[in-house]
Amino acid sequence: MMTGIGRRGFLGGLGLLAASPLLAQRTPPRIPAFPFTLGVAAGDPAADGFVIWTRLAPRPGEPLAGLDPLPYPVRYEIAEDEGFGRIAAVGEAMARPELGFSVHAEVAGLKPGRPYHYRFMAGDAVSAIGRARTLPAFDADVARVRLAVAGCQDYQSGLYTAWRHLAGEDADAVFHYGDYIYENGARETYYNWNTGQQEPTVRQHDGPMVFSLDDYRRRYTQVRLDPDLQAGHASAAFLSSFDDHEIVNNWVEDIDQHGTPAEVFRLRRQAAMQAWYEFMPVRADALPVNGVSGPYRQYRFGQLLDARMLNTRNWRTDQPCNDRYGTWCEGVNDPKAEVLGWAQEDWLVNGLKARPARWNALLQQIMMMDLDRARAETRTINTDSWAAYTAPRDRLLDRLTGVPNLVVLTGDEHQHIVGEVRKTGAAPETPAAAVEFVTTSISSGSDGPGERSEHAEWLRRNPGLAHIHDQRGYSLMTIDRNGWQAEMKVVDTVRRPGGRLSTQARFHVPPGISRVDRA
């Protein structure tokens with residue numbers, strides 16, 4: 001979704017188009033070592049192309065990553081084959097120091113609904129090869145879509161083994177629901193919510209809590225050096241979102257949990273969102289303006305799937321109940337509360353109702369199911385979820401009535417959770433408005449027990465809840481005309497290398513009814 005400014009003017013202003021003749025005549029500045037240490041990535045696919053990303057970092061731990069404070073020309077190739085015998089597009093972009101020497105090349109003019117391979121060149125160096133698939137044409141008759149879902153990758157809590165496994169899934173695209181980095185400083189232990197004990201971290205952050213642009217850049221660099229994460233990025237185009245930890249835990253709008261003055265918090269938000277933009281394979285309209293980044297987007301897979309990626313942080317009102325997890329208060333029913341904001345909500349509803357696909361998906365960050373968290377005899381909720389915002393939640397579900405085969409894809413909870421979405425307080429025998437698949441974390445929470453002590457009570461109190469499981473992993477969605485298949489993947493450990501992958505549960509959603517069945 002591009003709005004407001006001409007695409008070529010925007011890209012040219014950022015120096016993301018080909019170098020000017022003046023720059024092209026200069027001798028390119030020196031590159032002291034192999035510059036593609038952070039890998040490659042693609043994202044934001046369209047029917048005619050996608051974004052390809054890299055970042056020059058020959059010496060990642062040094063100021064300016066070992067480069068001079070000058071723009072560097074970076075060439076790229078797009079090919080129909082992995083051997084680059086059939087070149088489909090070539091180009092050049094500038095890696096500018098103002099953007100941390102990142103490159104976001106928006107490639108267009110490709111064929112719809114097919115895979116491509118890409119690579120970058122700088123000086124004599126050639127990057128690793130990445131793979132991305134263009135979206136099908138808007139009205140194409142698509143037989144199948146495979147969408148992987150992953151996120152919540154606390155570097156200190158565990159290894160990124162799940163990314164290595166996900167890279168082998170041959171997904172058409174990967175929805176990253178957020179929490180790509182965590183803001184916390186280095187620590188030797190963490191509190192394990194499953195055991196109630198302090199346990200050793202698996203590895204440590206390089207430095208204290210992050211606040212400045214340089215802080216956030218160092219944190220992303222440390223994470224991006226992970227080879228398993230690089231393999232995941234190189235395997236498919238990402239649909240990149242963000243949640244809270246890209247800035248700080250549970251922020252919304254210009255509010256954090258610490259009472260920071262809004263004008264001060266906005267400075268931190270601007271720094272964090274610039275770093276997020278610099279490290280994500282996203283289009284130029286995601287560059288933050290006044291600290292606000294991440295436009296909501298549509299990814300249309302022909303007539304089969306309309307996937308709408310939402311932003312549940314930038315325009316949300318403050319969490320009720322002093323943002324205390326496992327509580328409930330009258331603020332939950334605030335009629336003035338917002339999650340998406342009216343502009344985003346109207347875009348979502350009007351778009352899905354105008355030309356719905358056979359399947360329609362909401363790609364977002366916080367749980368939409370109205371779950372009782374069983375923390376007391378009376379009802380308790382997660383105040384950082386849709387359950388704490390009954391007015392905008394129920395309004396949205398009402399407005400989406402009539403949109404066929406609605407599925408919600410979510411993260412945040414560090415568990416696989418599957419169930420049916422109904423309006424607040426609706427009886428379990430009433431028809432559901434949607435089915436929700438909450439995907440567990442890549443590493444956050446470290447190794448989980450599978451079943452927690454509270455799971456049985458959750459299932460008892462929430463008849464629409466079909467499944468809950470605490471281990472690390474990801475999910476794989478396979479969508480066709482006959483149904484929506486969900487495979488909830490887990491690895492047996494993220495605390496040491498070699499974690500083994502398994503499919504912990506499978507589910508099927510039949511067309512025409514919002515019901516989830518075990519497969």
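Reader: Which residues form one aromatic cluster?

Author: The cluster consists of Phe-34, Phe-36, Tyr-118 and Phe-120. The model is a predicted one, and the structure holds 16 aromatic pairs.

Reader: How is a pair of aromatic rings described?

Author: Such a pair is described by the distance of the centres and the angle of the planes. In this structure, the ring centres of Phe-242 and Trp-251 are 6.4 Å apart and the planes meet at 20 degrees, so the pair is stacked. Phe-242 is buried, with a relative accessible area of 5%. Trp-251 also counts as buried, at 0% relative accessibility.

Reader: What aromatic pair do Phe-242 and Trp-276 form, stacked or edge-to-face?

Author: The pair of Phe-242 and Trp-276 is edge-to-face, with 5.2 Å from centre to centre and 75 degrees between the planes. Distant parts of the chain are linked by this pair, 34 residues apart: Phe-242 is in the loop between β13 (238-240) and α6, whereas Trp-276 is in helix α6. Both Phe-242 and Trp-276 are buried.

Reader: Where do the charged end of Arg-203 and Arg-300 lie?

Author: The charged end of Arg-203 sits over the ring of Tyr-155, at 3.8 Å from the ring's centre. Arg-300 lies over the face of Phe-138, and here the distance from the ring centre is 4.3 Å.

Reader: How are two packed helices described?

Author: One gives the angle between their axes and the distance between the axes. For α4 and α6, the packing angle is about 35 degrees and the axes are 8 Å apart. The crossing of α4 and α6 is right-handed. On the α4 side, the contact is made by Leu-213, Tyr-216, Arg-217, Tyr-220, Thr-221 and Arg-224. The residues of α6 that make the contact include Arg-268, Ala-271, Ala-272, Ala-275 and Trp-276.

Reader: Which residues of the largest nonpolar core touch the most other members?

Author: Of the 46 residues in this core, they are Trp-163, Tyr-216, Tyr-220, Ile-247, Trp-276 and Tyr-277. Two or more residues are given to the core by each of β9 (144-150), α3 (161-166), α4 (213-224), α6 (262-279) and β21 (473-480). The largest share, eight residues, comes from α6.

Reader: What is Tyr-216 in contact with, leaving aside its neighbours within four places in sequence?

Author: The contacts of Tyr-216 include Ile-181, Val-210, Phe-211, Glu-246 and Ile-247. Also among them are Arg-268, Ala-271, Ala-272 and Ala-275. A second, separate core has 36 residues, including Leu-352, Ala-387, Ile-417 and Ile-468.

Reader: Why is helix α8 largely enclosed by the rest of the structure?

Author: Helix α8 spans residues 390-399, and seven of its 10 residues are buried, so the helix is largely enclosed by the rest of the structure. The buried residues are Thr-390, Pro-392, Arg-393, Asp-394, Arg-395, Leu-396 and Leu-397. Among the elements that cover these buried residues of α8 are α7 (342-354) and β18 (416-421).

Reader: Where does Asp-172 lie, and what does Asp-172 touch?

Author: Asp-172 is in the loop between α3 and β10 (173-176). At 15% relative accessibility, Asp-172 counts as buried, because buried means under 20% relative accessible area. Not counting residues up to four places away in sequence, Asp-172 touches Arg-133, Arg-144, Val-145 and Arg-146. Asp-172 and Arg-114 are 58 residues apart in sequence, and their C-alpha to C-alpha distance is 9.4 Å.

Methods
Residues numbered from 1 in each chain as written. Predicted model: local features only at pLDDT ≥ 70, side-chain atom pairs only at ≥ 80, totals over all residues. Heavy atoms only, no water. Core = buried A, V, L, I, M, F, W, Y, C linked by side-chain atoms within 4.5 Å. Buried < 20%, exposed > 50% of the residue type's maximum accessible area, 1.4 Å probe, protein only. Helix = DSSP H or I, 4+ residues; strand = E, 2+ residues; numbered from the N terminus. Contact = heavy atoms within 4.5 Å. Phe/Tyr/Trp six-rings, centres within 6.5 Å; stacked < 30°, edge-to-face > 60°. Lys NZ or Arg CZ within 6 Å of the ring centre and 35° of its normal. Axes fitted to C-alpha atoms, helices over the stretch in contact; angles between N-to-C directions. Left-handed = near helix turned anticlockwise from the far one by under 90°.
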